[in-house]
Amino acid sequence: AQVPQPPKVPIRALTATSANLTWSCPLEKNYTVTSYSVNVTVKDPSSIDADCVHGQNVSYYITIPGYQRYIQLKDMSLVPFTSYSFEVLVNTLEGKGVHSTPRLFTTLQAPPTSPLNINASVLSYSSLLV
């Protein structure tokens, strides 16, 4: 049996902690897609702050139904401003296909946090000391 070719996998909207991954159905129609397996991996785990890695996965392997050709990575503890690689594998009734070419994406940088312990003193009617 002919195994399906890997799907093409564009990356959609990104935030600091999420990404939308979509792909097109392979063109061959001589098999039935049962599911897709998606593998998302931190490109360089050493680049993540040790505090962020503690308790965080550096690789995710997810299987989704064959009718669904997207996955929204929003509850997976993606780390801001971090590069990830992802691949998609087509699973069919006839067997497994080949992995797609790995695609890279980088989550956006997180917005700065609010400053802490700010004090202001009135110096005059028109000026403050912060």
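## An aromatic cluster in a predicted model

Tyrosine 84 and phenylalanine 105 are both buried. These two residues belong to a model that is predicted. Tyr84 and Phe105, together with Phe86, make up one aromatic cluster.

**The aromatic pairs**

A pair of aromatic rings is described by two things: the distance of the centres and the angle of the planes. This structure holds two aromatic pairs. The table lists their values.

| Pair | Centre to centre | Angle between planes | Arrangement |
|---|---|---|---|
| Tyrosine 84 and phenylalanine 105 | 5.4 Å | 15° | stacked |
| Phenylalanine 86 and phenylalanine 105 | 6.1 Å | 65° | edge-to-face |

What do the pairs tie together? Tyrosine 84 sits in strand E6 (residues 83-92) and phenylalanine 105 in strand E8 (residues 103-106), so their pair links parts that are 21 residues apart in sequence. Phenylalanine 86 is in strand E6 and phenylalanine 105 in strand E8, so this pair ties together parts 19 residues apart in sequence.

How buried is phenylalanine 86? Its relative accessibility is 0%, so phenylalanine 86 counts as buried. Phenylalanine 105 has a relative accessible area of 4% and is buried because that value is under 20%.

**The chain as a whole**

The chain has one helix and ten strands. Read from the N terminus, the elements run β-β-β-α-β-β-β-β-β-β-β. The chain has 130 residues, and 33% of them count as buried. Take the contacts with a separation of 6 or more: residues 24 or more positions apart account for 64% of them. The accessible surface of the chain comes to about 8400 Å². Carbon and sulfur atoms hold 55% of that surface.

Lysine 96 lies in strand E7 (residues 95-99). The relative accessible area of lysine 96 is 54%, so this residue is exposed.

**On the surface**

Which residues make the nonpolar surface patch of about 450 Å²? They are Ile118, Val122, Leu128 and Val130. Valine 122 belongs to strand E9 (residues 121-124). At a relative accessible area of 64%, valine 122 is exposed.

**Two positive phi angles**

Phenylalanine 81 has a phi near 55°, a positive value in a residue other than glycine. Where is phenylalanine 81? It is in the loop between strand E5 (70-73) and E6. Its relative accessibility is 56%, so phenylalanine 81 counts as exposed.

Asparagine 117 also has a phi near 55°, again positive in a residue other than glycine. Asparagine 117 sits in the loop between E8 and E9. With 74% relative accessibility, asparagine 117 counts as exposed.

**How confident is the prediction?**

The chain has a mean pLDDT of 77. A value of 70 or more is reached by 78% of its residues. Where is confidence lowest, and where highest? Helix H1 (residues 50-53) is lowest in the chain, with a mean of 48, while E9 is highest, at 90. The pLDDT is below 50 over residues 50-55. Beyond near neighbours in sequence, this stretch has three contacts in the model.

Definitions and conventions. Residues are numbered from 1 along each chain as its sequence is written. This is a predicted model: local features need pLDDT of at least 70, side-chain atom pairs count only at pLDDT 80 or more; totals for chains, interfaces and linings use all residues. Side-chain values use heavy atoms; hydrogens and water are left out. Rings of Phe, Tyr and Trp (its six-membered ring) pair if their centres lie within 6.5 Å; planes under 30 degrees apart count as stacked, over 60 as edge-to-face and the rest as tilted. Helices (H or I, at least four residues) and strands (E, at least two) are DSSP runs, numbered from the N terminus. Buried means under 20% relative accessible area, exposed over 50%, partly exposed in between (1.4 Å probe, protein chains only). Patches are made of residues with over 30% relative accessible area and no salt bridge: like charges are joined within 9 Å, nonpolar side chains (Val, Leu, Ile, Met, Phe, Trp, Tyr) within 5 Å. Accessible areas come from the Shrake-Rupley method with a 1.4 Å probe; for residues, only the protein chains shown count as cover. A salt bridge is a side-chain nitrogen of Lys or Arg within 4 Å of a carboxyl oxygen of Asp or Glu. pLDDT is the predictor's confidence in each residue, from 0 to 100. Contact means heavy atoms within 4.5 Å.
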